[in-house]
Amino acid sequence: MATTARGHIEQLPSGSFRVHVYAGTDPVTGRPRRLKQTCPDEASAAAALGRLLAQADSDHFPNRGATLGQALGKYLEVADLEVSTREAHEGYIRRTIGPVLGEVKIRKLGADSLDSLYTALKKCSRLCRRLPRTEHYAGGEHACDGRCGPLRDHRTTRPHECDGRCRPHVCRPMKPATILRIHSIISSALDLAVRYDWADRNVAKNASPPHPRKREPDPPSPDQAARLLNLVWAEDEEFGLYLWAAFTTGARRGEVSALRENRFDFTRQQVRLARNYLVKQGQHIEKAPKDGEGRVLSLDLLTCELFQERFRRRRSEARAVGVQVPEDAFAFSPDPAGREPWNPDTMTHRYRRYARRVGITSSLKELRHYSATQLLAAGTDLNTVAGRLGHAEGSTTLRFYAQFTRPADQRAAAVIPSQLDGLRKRERLRGLYDQHKSASGSDSLAALASVIGPQAGLEEDIALAWLTEFAAAD
């Protein structure tokens with residue numbers, strides 16, 4: 001069998017032949033690059049050896065045996081993702097994509113395999129048909145007892161002692177929007193594989209992920225919002241102001257959490273939403289909001305007074321215990337000096353507890369929808385609402401809140417017909433007036449208005465005003 005200083009062919013126990021070629025080292029990682037290819041006979045292996053050696057000489061050595069798992073790993077390595085987005089992608093890859101398709105070679109992956117995955121996820125988000133029906137309390141060999149039971153849906157992912165809250169598994173379909181996100185991750189990884197010549201085409205483009213239905217916002221009603229604010233303000237004034245800010249500004253929860261005192265301009269009645277605060281995997285992160293540089297929102301006088309009183313009282317309480325509050329203190333903080341903001345997840349859980357007490361079943365995020373729906377229903381133009389929400393384009397706002405622009409659309413529908421109808425009646429009155437120009441004087445015009453006004457479909461006073469205008473023009 002052919003052998004060179006940089007490559008050789010070996011025969012496998014199956015009778016096939018595998019080609020190995022050394023292609024130098026990776027300049028970034030310092031790891032050796034090795035090209036491999038399996039062939040059915042020695043002749044094709046010899047041809048493959050020459051081809052791989054030529055690729056190594058030209059510094060072109062695609063990994064023809066790369067798996068989808070390798071492509072996903074490379075995608076996470078090079079993709080420019082936000083912290084929260086990266087964490088979500090890693091979770092989908094770890095829990096769903098990797099266990100099923102991670103070891104499949106990209107060149108053997110077909111659109112049918114992806115469609116099968118999506119079909120299975122529509123039935124059960126845990127892909128339970130791939131799991132044993134009995135869940136064992138130990139991984140090694142053991143004698144089963146009462147601790148080995150049916151597959152369960154655990155109350156937490158952390159190590160724990162199961163109790164009545166860990167119930168036998170019930171299949172729950174994955175939401176179409178989540179399946180579409182998984183498809184997007186796979187497609188992005190395969191696009192990368194095509195660019196690296198690991199694959200000839202992206203088979204995900206031929207797959208058929210589900211199309212999610214448009215999500216309908218479910219904000220609380222104004223009456224529910226009032227009851228919620230009254231309840232919270234009576235028990236937790238700081239959280240009441242947090243909810244007030246979320247209701248009135250439409251800001252994201254991380255943007256409200258990241259508010260600092262020095263970003264309020266009470267003279268101009270404005271606040272700048274410049275940062276977004278989040279906690280991921282124990283990391284406390286302040287980053288730019290989704291709209292990039294942030295935005296300045298106008299505030300009403302009452303909101304300014306509430307925040308001014310909040311900041312004044314905090315400084316007074318801090319001085320009483322010898323604490324100095326800095327100018328850039330966080331507006332909402334468990335620290336008397338405002339050095340650290342509340343964890344956004346804490347505010348979400350706190351909201352859920354209060355909301356349930358007044359019959360609200362939606363999440364904290366729906367307060368953002370409340371702001372949008374109330375503004376649109378009141379006739380505020382779409383661009384203004386999009387600007388307050390931090391949407392880059394009005395189309396984003398329209399996609400989620402189109403139904404709430406109906407009142408404004410109905411008012412718009414009446415503008416042109418009303419205008420044309422008025423002009424039509426005016427012209428009709430002018431034609432009738434031209435037929436009665438012999439009449440003159442205010443008394444005669446009033447009498448004329450009572451006669452020809454109804455013929456033009458006008459009230460007498462409106463007809464008289466227009467007739468007076470016509471007479472003055474003559």
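**Close-up views of a predicted model**

**View 1. A three-stranded open sheet.** Three strands form an open sheet in the order E8-E9-E12, and their pairing is antiparallel. Strand E8 (264-265) and strand E12 (295-298) are the edge strands, each pairing on one side only. The model shown here is predicted. Two bridges join E8 to strand E9 (residues 270-273) in the antiparallel sense. Phenylalanine 264 has valine 271 in E9 as its bridge partner. Strands of a sheet pair through backbone hydrogen bonds, either parallel or antiparallel.

**View 2. An edge-to-face aromatic pair.** The whole structure holds 13 aromatic pairs. One of them joins tyrosine 196 and tryptophan 198. Their ring centres lie 5.5 Å apart, with 65° between the planes. The angle is over 60 degrees, so the pair counts as edge-to-face. Tyrosine 196 is partly exposed, at 30% relative accessible area. Tryptophan 198 is buried, at 13% relative accessibility.

**View 3. A tilted pair between strand and helix.** Phenylalanine 264 and phenylalanine 307 have ring centres 4.6 Å apart. Their planes meet at 35°, so the pair is tilted. Phenylalanine 264 belongs to strand E8, and phenylalanine 307 to helix H9 (residues 301-320). The pair therefore ties together parts 43 residues apart in sequence. Both phenylalanine 264 and phenylalanine 307 are buried.

**View 4. A cluster of rings.** Ring pairs link Phe239, Tyr242, Phe264, Phe266, Phe307, Phe311, Phe332 and Tyr354 into a cluster.

**View 5. Arginines over rings.** Arginine 260 lies over the face of phenylalanine 330, 3.9 Å from the ring centre. Arginine 426 places its charged end over the ring of tryptophan 466, 5.3 Å from the centre of that ring.

Definitions and conventions
Residues numbered from 1 in each chain as written. Predicted model: local features only at pLDDT ≥ 70, side-chain atom pairs only at ≥ 80, totals over all residues. Heavy atoms only, no water. Pairing = 2+ DSSP bridges. Helix = DSSP H or I, 4+ residues; strand = E, 2+ residues; numbered from the N terminus. Phe/Tyr/Trp six-rings, centres within 6.5 Å; stacked < 30°, edge-to-face > 60°. Buried < 20%, exposed > 50% of the residue type's maximum accessible area, 1.4 Å probe, protein only. Lys NZ or Arg CZ within 6 Å of the ring centre and 35° of its normal.
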